[in-house]
Protein chains: 2
Amino acid sequence: MEPTSETPSLRERTRRAVHAEITDTALRLFAEQGFEATTVEQIATAAGISRRSFFHYFRSKEDVVLGDLEALGRRVRDALEARPESESAWDALREALKTLHAPGSGAVTALEIADMYADAPSLRAKHLEKHLRWQELFAPDIERRLGIAPGTTADPRARAVIAAALACLDTAVEAWRESGGTADPVDLFDAAVAAVRG
Amino acid sequence: MEPTSETPSLRERTRRAVHAEITDTALRLFAEQGFEATTVEQIATAAGISRRSFFHYFRSKEDVVLGDLEALGRRVRDALEARPESESAWDALREALKTLHAPGSGAVTALEIADMYADAPSLRAKHLEKHLRWQELFAPDIERRLGIAPGTTADPRARAVIAAALACLDTAVEAWRESGGTADPVDLFDAAVAAVRG
DNA sequence: GCGAATGCTTGCACCGAGTGCAACAGTCTG
DNA sequence: CAGACTGTTGCACTCGGTGCAAGCATTCGC
């Protein structure tokens, strides 16, 4: 066992460093020549590791861009569960999703990331795939807010509401990208949600 | 040029026959051993053609299952545009999407297809990808119903509503699959839509 | 501090999806 | 029948991704 909260042990530190190095290198290459045109071979070489090692750090090329959407999902879920008990499913979801509107540090801008999504179908695909996991992650809370018994068999309602909210998020981001980053993403998101709720 | 509406010419007929043969063979294999466990090699051999020829008929392995979602999308769009002018975006979409609830002929049941989706991420991925095309296909009509000027730059609303409706469809189908095909898909869909609309 | 267990890197061989190309066989037209 | 056209096929290749085993560094127990 390693110390989990102590100094992260040399191994852990180098691991994180390599991870960061790969991420930076890859994102730079993606931004320069496009996601699909960049091979794992190139990334590995540029990052100073072997092709094989790349796959020890990332399960797929897409995962470099996606980052840790798993952890992000948990953060949103926590924000969701922190919303007032009385708040409606939609309101709680909308506010919880706004916590995603974060700084965006790093040399590669959020706009460039959005551009990658725009011309790489496989990237969009894995992104949407992660959203399906979020559905299950948020479902318990949303079921409660909708007044659905937790064990209800095959009830599409909670998942539908969550999927709809995530669709609002994605269309808002896409619209923001199309605006060249000039529009306010939160406004776009709110507009999308309002339109969906009729 | 070939006659487009005449007797479809031998070539065209054999082409269709081979297409159908591949589809049947592939779906049977998928149902038997699973989508991912089935290789294109196997399908081609079982269908009596070469691996290379398979890719002359289908762009990808997934396309065999997806069928012609392009054409299906156009049919839904036509149904959408046929809805009364005065109908709201949501109502029109909901009713138009119900036209998808069709017979389902063929040796492989709709339930088996749904099962394939359930355990093949790449299949889900391409499916969702097609939905993005549908978004653009339905957008003009929905923008009109929402009272948005057609040329409006980067407005997420129409696409958000469409994506939300499609999400309802997908979650309804998924819930139907989980019920083992016992629940009524149309009821599930209506319930999902009602929940999303708050 | 030493040896052993552990973990990371790497090369290698392999698989499966998908593509470009060129040769070949069948069909259709003049 | 000759020539244009179209579909089939094999071949070689690219790329993402995985299993395996050898080698090297680190870490842990004594």
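Into which domains is chain A divided? In this predicted model, chain A comprises domain 1 (9-65) and domain 2 (68-196). The C-alpha centres of these two domains of chain A lie 27 Å apart. Their contact draws 10 residues from domain 1 of chain A and 10 residues from domain 2 of chain A. On the side of domain 1 of chain A that touches domain 2 of chain A, α1 and α4 (61-66) of chain A each supply at least two residues. The most is given by α1(A), with five residues. By class, this side of domain 1 of chain A has five nonpolar, one polar and four charged residues.

The UniProt record, an unreviewed entry, places the feature "domain: HTH tetR-type" at residues 16-76 of chain A. Over residues 16-76, chain A is 77% helix and 0% strand, with the end C-alpha atoms 24 Å apart.

Two or more residues of the surface near DNA strand C come from each of α1 (9-33) and α3 (51-57) of chain A, and from each of α1 (9-33), α2 (40-47) and α3 (51-57) of chain B. The surface near DNA strand C has eight charged, six polar and five nonpolar residues.

Conventions: Residues numbered from 1 in each chain as written. Chains lettered and ligands numbered in written order. Predicted model: local features only at pLDDT ≥ 70, side-chain atom pairs only at ≥ 80, totals over all residues. Helix = DSSP H or I, 4+ residues; strand = E, 2+ residues; numbered from the N terminus. Nonpolar A, V, L, I, M, F, W, Y, C, P; charged D, E, K, R; others polar. UniProt positions renumbered as here; feature names shortened; annotations may be inferred. Domains from an automatic or database assignment. Contact = placed C-beta atoms within 7 Å.
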